[in-house]
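Here is a short briefing on one structure. Look at the sequence and the fold before reading on.

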Amino acid sequence: MNLLKILTNGLWKENPIIKLVIGLCPTLAVTNTVENGLAMGLATSFVLISSEIVISLIKKWIPNNVRIPSFILIIASFVTFTDYFLKAFFPGIAESLSLFIPLIVVNCLILGRQEAFASKNPTHRAIFDAIGMGLGFTWVLVLLSTVRELLGMGTFFGLEILGAAYQPMIIMILPGGAFITLGVIVGIMNVINRKVESQNG
Amino acid sequence: MAQEDVSLSRLVITLTVIGVVSALILSVVYQWTTPYIEEHQAEAKEEAIFSVLEGAVEYEEVTKNGITFFEGYNESGNLVGVSYIAKGSGYQGTIEIMVGADPSNGEIMYISVLNHEETPGLGARITEEQFKNNFVNKPFGEYELVNREPSDPYEVETIAGATISTRSVKNIVSEAGLTIEENYGGGN
Amino acid sequence: MDSVQYILLLFISTVLINNFVLIRFLGICPFLGVSRYVDTAFSMGLATTFVMTLTAFATYFINSYILVALDLPFLRYVSFIIVIASLVQFVEMFIKKASPVLYKALGIYLPLITTNCAIMGMALLIPLNEYNFIESIVFGFGAGVGFTLAIVLIAGLREELEFSDVPDALRGVPITLILAGIMAMAFMGFAGLVSI
């Protein structure tokens, strides 16, 4: 496929959260505010892009039977870098995301893309795959956190939107609300998908 | 990917090289970022201490009986008050509170909730000014929770729907005051 | 409060009050992926609990005697994930020998235990909460038990759901998520059960 198609693949057709159903832990945990959701999406994208670049560059030298441990080592290193970088220069974000930055290491999306794409494709294509998947992951996070923050606190990115008279639905920023909102979003996406597919014949 | 039939030494070498290179790079990243991280932590600590010890412009860390106290001094070098980080269990986890007190008159000065996992909108309201004001000029001692305006210096007004969280804070601060009294005297 | 009481309360707190799946949001992928049938879910839970307890054991020592002692905190994530991956590899080989049936039943989900964020999350929470050795083991074991509880409960519900008329769009992942949300709300009721 051409490069643009690789990119858009991650946005919808093989969207990591909606279609592949991976990387769900951060999706539910840090989408209580849009700021957190966006930051998590960007951090994950950074690790994904850097890992795919490095692994697609050195894939020739990695023997097949140690490929998974090698990928994991490289991913863990980029995550460590991200963690320290955020703690040093964005301490507020680092504190909000806390445990979930290191958990990027076990985000099946990252390891999965190395196995499925980076280890089998030239670097320029791997970059587009990573950007596409990263954006796909991020937009779902932002959507989910927009719903949760708006209904759960009446704000968007910290800005008061629904006014003081709005009684927030606290459940939205609690675990229960996260699960239910994601379930509804995936359900809606399924409906949209089915309509699109039936139209395409 | 590289061929299937590779020797054991090749496998070990690959992993070792990746491991060593990563460790070296991360070590550099660590050295580079640590000063910034420590600066943030020091700033946060200072802010917490000064927020509960009014008038303090510098502090000194003193350890007594295994507890790290922060003695606050004003510009003239006089002791303004003493604070330390008190912990206790709340509704949903540990609550950490920086409690500042003035041993010379046996009163709590102010509190700052540093960490908590209480329910947003309910227990989390322990960080609100209105609740924290319960503890301004509060004498050391055992406190009681009431759900009306306090008529007695030893009473603390609860937050509606957050009885457990407020009780936890009340207990933590009460014990903190007594701890400070034990180590620095109680004035009255 | 004496230490036995504290350990017991820590266990209850980890299994129910701060349940790894429904309150802490850890282990969601296997929670959704392996929960179609109660027996597979239970086997997965057992295997995960086993790995978790061993992980708590191993990472506690690595953290205390290597990372902290030699001032190498930046190697924490790298070393922990290597430990977890190795432990899962061993458990895989062990199960293959001990019970080929179970090995076949778990299939691809066995190596996927490595990417179960509940294990890494648990390992990282130990130094964060400054648990001692006994507390770490209890915490790891409790995390596994809590995970098993959650996954078995949802599997039981999903088995029942097979006979219900779920709208087409919600079938599979969406309805499971909604169910999990209701379960999470129920588990919130445990908050305040014990104070530690």
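This is a predicted model: local features need pLDDT of at least 70, side-chain atom pairs count only at pLDDT 80 or more; totals for chains, interfaces and linings use all residues.

Residues are numbered from 1 along each chain as its sequence is written, chains are lettered from A and ligands numbered from 1 in the order in which they are written, and side-chain values use heavy atoms, with hydrogens and water left out.

**Interface of chains A and C**

- Chain A places 39 residues in contact with 37 residues of chain C (contact: heavy atoms within 4.5 Å).
- The two chains bury about 3,000 Å² between them, 85% of it on carbon and sulfur atoms (buried area: the accessible area, 1.4 Å probe, that two parts lose on being put together, summed over both).
- A:C25, A:V106 and A:F179 supply 20% of the area that chain A buries against chain C, more than any other three residues.

**Charged pair across the interface**

- The rule finds one salt bridge across the interface of chain A and chain C (a side-chain nitrogen of Lys or Arg within 4 Å of a carboxyl oxygen of Asp or Glu).
- A:R194 forms a salt bridge with C:D168, with the closest N and O atoms 3.5 Å apart.

**Second largest pocket**

- The volume of the second largest pocket is about 840 Å³ (a pocket, on a 1 Å grid over the protein atoms alone, is an open set of points where a 1.4 Å probe fits, with protein on both sides within 12 Å along at least five of seven lines; lining residues have an atom within 4 Å of a point).
- Its lining has 30 residues, and A:I68, A:P69, A:I72, A:L111 and C:T114 are the closest to its centre.

Conventions: Grid points are joined across faces, edges and corners, and a volume is the space filled by probe spheres set on the points.
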